[in-house]
Amino acid sequence: MTDRTNDGKTHRHDNGEGSSRARRRRRRAQADMAPKAGAPYRDEDYDDAESAARRAGGRDSEGRNLGRRIRRYAEVGRSVGGLAAQIVGNRYLGVELDSAQHSSELKAALGGIKGPLMKAAQILATIPDALPREYAQELQQLQSNAPPMGWPFVKRRMTSELGPGWRKRFKEFSHEAVAAASLGQVHLAVDDRDRKLACKLQYPDMQSAVDADLQQLRWVLSIYRRYDNAIDTSDVYQELSDRLREELDYGLESRHMALYGRMLADENGVHVPEPVPDLSTRRLLTMTWVDGMRLMEFVDHHADQEERNRVAYNMFRAWYVPFYYYGVIHGDPHLGNYTVRADDQSINLMDFGCIRTFRPKFVKGVIDLYWALENGDEELARHAYATWGFVNLNAEVLEVLNLWARYLYGPLLEDAVRPIQDDNSPAYGAELANKIHKELKRLGGVKPPREFVLMDRAAIGLGSVFMHLKAQMNWHRMFHDMIRDFDADALAKRQKEALEASGVPLPA
């Protein structure tokens, strides 16, 4: 959702939705900042009797609740159950699996559900053969277009989070949400220091939604694993489970935001909003507003190759400076999680719910695999995969894994200016994934370690961004500039200092 206001600027802080409905919602919200500057404050407008009664009675608690989980099962069960039924029918009853048709239906159903199941499906869709190919292709396109919660909900939530009289802490606060995401919605506000703010409110009952959705996801993955043993997703599920539960904690996300502000402080091409702790809670995250335009709007209006390359360079630095210098990665390079500043092609990095920290030896394993592919060193490659957590790697399985690795590392291995993918099309990647799937199934399958999930997600997601930009870069030299002085002990020291300063736990 990106639109231009009367000042000519493009404002953006959302999940990538660009529909006309979203633009209308933004305009209404900015025109309806309530109350207007100088208007009298009225308690009844913001702290109604229902809010006070719910608060006094403890009914704003949103821990695990059996009734809410049951309702959630009913909400998503038909879609997920349909997927499982088709897989079971194909495997045990010989019923033809119409994946193409059902995957489209599944996307349509999940796209209107606020919550973690949609986000989990998006992440799974980037892991080769964790789901049938038709499902992956559809789910990669999923966006959260769920309708926003209305003003009565906003009043109750804000009263619950900041207490009665919360409205007195803002000069302006939009009645309508300006963005809708999978776990919450964003309101535009102005504080008493005249700072423009983004206030992200978590949707109600998200804890119950997480519990219910993860149980459904476990069920589907276990059924698919019986149908197709090429990829054992048990560790993948555990990783998704931990990361999605973390996303419920906006306090942790606020600390992640502060961590990224620290790690990227010297990157002039990357901007990180600042958290506002005194206006934030576990279910409300307030941060400074950042202005920018969504990527596809930038591409549509900026054909200059140099400008598009500059955006790609800033994106590369935004994701990989934290990883190679601090062992931290932003695991969700979704189009809605960053925007572009058209004047200098710098980027705004937003949404810090899906952050993963790695032990220094894991980062070293990523670099070791690069050198193994560069030099044809089979033993170093085996060591790198073992460092990541892969087990039982015979020569045939190792070669199949290297097929995927050469695809991901390919642009880094060639010292030349080139697109991120030679034909700038995802078709080759899909064909290669299909080939790898068949080989892994023939060899008895492989169990990707949980640490692999977000690394793969970031690589595939960023590759998609660079393809949209049609960037022409020397990826090899950019990568070598980043790893030239790599030292695992130095990384460990930097990581410890940055995480402790930001209040983020060290990796286990």
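This is a predicted model: local features need pLDDT of at least 70, side-chain atom pairs count only at pLDDT 80 or more; totals for chains, interfaces and linings use all residues.
Figure 1. The place of Asp194 is in the loop that runs between strand β5 (184-191) and strand β6 (196-202). The phi angle of Asp194 is near 65°, which is a positive value in a residue other than glycine. As background to this view, most residues other than glycine have a negative phi.

**Figure 2. Lys168 and Asp192, two residues compared by C-alpha position.** Lys168 is found in the loop between helix α8 (151-162) and strand β3 (170-173), and with a relative accessible area of 59% this residue is exposed. Along the sequence Lys168 and Asp192 are 24 residues apart, while in space their C-alpha atoms are 9.0 Å apart. In the protein chain as a whole, 74% of the contacts between residues at least 6 apart in sequence join residues at least 24 apart.

**Figure 3. Lys470 in the loop between α18 and α19.** Lys470 is placed in the loop that links helix α18 with helix α19, and its phi is near 55°, again a positive value in a residue other than glycine. At 48% relative accessibility Lys470 counts as partly exposed, because the partly exposed class covers the range between the buried limit of 20% and the exposed limit of 50%.

**Figure 4. Helix α19 and the helices that enclose it.** Helix α19 spans residues 475-483, and seven of its nine residues are buried, so this helix is largely enclosed by the rest of the structure. The buried residues of α19 are Trp475, His476, Met478, Phe479, His480, Met482 and Ile483, and they pack against four helices, namely α13 (305-326), α14 (360-375), α16 (395-413) and α18 (452-469).

**Figure 5. The packing of α13 with α19.** The axes of α13 and α19 are 10 Å apart and form an angle of about 30°, and α13 passes α19 in a right-handed crossing. On the α13 side, Ala312, Tyr313, Phe316, Arg317, Tyr320, Val321, Tyr324 and Tyr325 take part, and they meet Trp475, Met478, Phe479, Asp481, Met482 and Ile483 of α19. Sorted by class, this contact of α13 with α19 holds 12 nonpolar and two charged residues, and no polar ones.

**Figure 6. Trp475 and the nonpolar cores.** The largest nonpolar core has 108 residues, of which Trp319, Phe323, Tyr324, Tyr385 and Trp475 touch the most other members. When residues up to four places away in sequence are not counted, Trp475 touches Ala312, Phe316, Pro411, Leu412, Ala416, Arg418, Pro419, Ile420 and Phe466. A second, separate core has 15 residues, including Trp151, Phe170, Cys199 and Leu201.

**Figure 7. Arg418, a buried residue in the loop between α16 and α17.** Arg418 lies in the loop between helix α16 and helix α17 (427-442), and with a relative accessible area of 9% Arg418 is buried. Leaving aside residues up to four places away in sequence, Arg418 touches Gly410, Pro411, Ala471, Gln472, Met473 and Trp475.

**Figure 8. The crossing of α11 and α20.** Helix α11 (residues 250-263) and helix α20 (residues 488-502) pack with their axes 9 Å apart and at an angle of about 135°, and the two helices are therefore oblique to each other. The crossing in which α11 passes α20 is right-handed. Arg255, Ala258, Leu259 and Arg262 of α11 make the contact together with Glu497, Ala498, Leu499, Ala501 and Ser502 of α20. By class, five nonpolar, one polar and three charged residues form this contact of α11 with α20.

Figure 9. Ser502 lies in helix α20 and, at 10% relative accessibility, counts as buried. Apart from residues up to four places away in sequence, which are not counted, Ser502 touches Arg255, Ala258, Leu259 and Arg262.

Note on methods:
Residues are numbered from 1 along each chain as its sequence is written. Side-chain values use heavy atoms; hydrogens and water are left out. Axes are lines fitted to C-alpha atoms, for helices over the stretch in contact, and angles run from 0 to 180 degrees between N-to-C directions. Angles under 35 degrees count as roughly parallel, over 145 as roughly antiparallel, 65 to 115 as roughly perpendicular and the rest as oblique. A crossing is left-handed if the near helix is turned anticlockwise from the far one by less than a right angle, and right-handed if clockwise. Contact means heavy atoms within 4.5 Å. Ala, Val, Leu, Ile, Met, Phe, Trp, Tyr, Cys and Pro count as nonpolar, Asp, Glu, Lys and Arg as charged, and the others, Gly among them, as polar. A nonpolar core is a set of buried Ala, Val, Leu, Ile, Met, Phe, Trp, Tyr and Cys residues joined through side-chain atoms within 4.5 Å. Buried means under 20% relative accessible area, exposed over 50%, partly exposed in between (1.4 Å probe, protein chains only).
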